[in-house]
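Subject: A structure for you to look at

Hi there,

Here is the structure I promised to pass on. Please open it beside this email, and then read my notes on it below.

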Amino acid sequence: ESIDNRTEMDAARSIHEACDRLRPAAQRREIQIELQLDAPPIWSNHVRLREAIYNVVSTAVKFAPAKSGKVVIRSEQRNGTVRISVADNGPGIPKDELHRVFAPFHRLATHRDVPGTGLGLYFAKNLVEALGGRISVESEPGRGCTFNIDLPLK
């Protein structure tokens, strides 16, 4: 499938494939991944969307607490778009750091012990924007994070 072509597609396929790749890592850390998918077809690209979702869910799995971690992925229609949200019960992000989450190589000082390059969310943002969408984050320290990907309907 070409990386540039956008077609009418079911986002659930991209979500399922991304989650299937992450299940072994989630199982090793005993993190539960829950899917609540209820969205109409969107105008998108399967490969780009799968990779964007993979990067966001990978981040959620990495920061959710081992043994009690939970990542919930939802898709729903909202205001002429489809919103895919990825919520975790990890440590959250301080308000003054939220604006830097999608910057390349940015990592919180408190997360230096967690493996990674600081590029996953940067790549996710670029992929989502290439699809004509938006990505944003909501978080409070101690209450986890929710990443929202808003994509155009067909």
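You are looking at a predicted model, where local features need pLDDT of at least 70 and side-chain atom pairs count only at pLDDT 80 or more, while totals for chains, interfaces and linings use all residues. Residues are numbered from 1 along each chain as its sequence is written, and side-chain values use heavy atoms, with hydrogens and water left out.

**The overall picture**

The protein chain has 3 helices and 7 strands. Followed along the sequence, they come in the pattern β-α-β-β-α-β-β-α-β-β. Of the 154 residues in the protein chain, 47% count as buried; buried means under 20% relative accessible area, exposed means over 50%, and partly exposed is in between (1.4 Å probe, protein chains only). Contacts, meaning heavy atoms within 4.5 Å, can also be sorted by sequence separation. Among those in the protein chain with a separation of 6 or more, 69% are between residues 24 or more positions apart.

**How the helices pack**

Two packed helices are described by the angle between their axes and the distance between the axes. The axes are lines fitted to C-alpha atoms, for helices over the stretch in contact, and angles run from 0 to 180 degrees between N-to-C directions.

Let's begin with helix α2 (residues 46-63) and helix α3 (residues 120-130), whose axes come within 8 Å and cross at roughly 150 degrees. That makes α2 roughly antiparallel to α3 (angles under 35 degrees count as roughly parallel, over 145 as roughly antiparallel, 65 to 115 as roughly perpendicular and the rest as oblique). The crossing of α2 and α3 is left-handed: this is the word if the near helix is turned anticlockwise from the far one by less than a right angle, and right-handed is the word if clockwise. On the α2 side, Arg48, Glu51, Ala52, Asn55, Val56 and Thr59 take part, and they meet Gly120, Leu121, Phe123, Ala124, Leu127, Val128 and Ala130 in α3. Sorted by class, this contact of α2 with α3 has 8 nonpolar, 3 polar and 2 charged residues. Here Ala, Val, Leu, Ile, Met, Phe, Trp, Tyr, Cys and Pro count as nonpolar, Asp, Glu, Lys and Arg as charged, and the others, Gly among them, as polar.

Helix α2 also packs with helix α1 (residues 11-28), at an angle of about 35 degrees and with the axes 8 Å apart. The crossing of α1 and α2 is right-handed. From α1 the contact includes Ile15, Ala18 and Leu22, and from α2 it includes Leu49, Ile53 and Val57. By class, the contact of α1 with α2 has 11 nonpolar, 3 polar and 5 charged residues.

**Aromatic pairs**

How many aromatic pairs does the structure hold? There are 2. Rings of Phe, Tyr and Trp (its six-membered ring) pair if their centres lie within 6.5 Å; planes under 30 degrees apart count as stacked, over 60 as edge-to-face and the rest as tilted.

Phe102 and Phe147 form an edge-to-face pair, with 6.1 Å centre to centre and 80 degrees between the planes. This pair links distant parts of the chain, as Phe102 is in the loop between β5 (81-88) and α3, Phe147 is in strand β7 (residues 145-152), and the two are 45 residues apart. Phe102 is buried because its relative accessible area is 12%, and Phe147 is buried too, at 2%.

The rings of Tyr122 and Phe123 have centres 5.9 Å apart and planes at 50 degrees, so this pair is tilted. Tyr122 is partly exposed, at 30% relative accessibility, and Phe123 is partly exposed at 41%.

**A few single residues**

Ser85 is found in strand β5 and is buried, at 9% relative accessibility. Leaving out residues up to four places away in sequence, Ser85 touches Val72, Ile73, Arg74, Thr146, Phe147 and Asn148.

Lys67 lies in the loop between α2 and β4. Its phi is near 75 degrees, a positive value in a residue other than glycine, and Lys67 is exposed, with a relative accessible area of 63%. Glu30, in the loop between α1 and β2 (32-38), also has a positive phi, about 60 degrees, although it is not a glycine.

Enjoy exploring!

Best wishes

Key: Helices (H or I, at least four residues) and strands (E, at least two) are DSSP runs, numbered from the N terminus.
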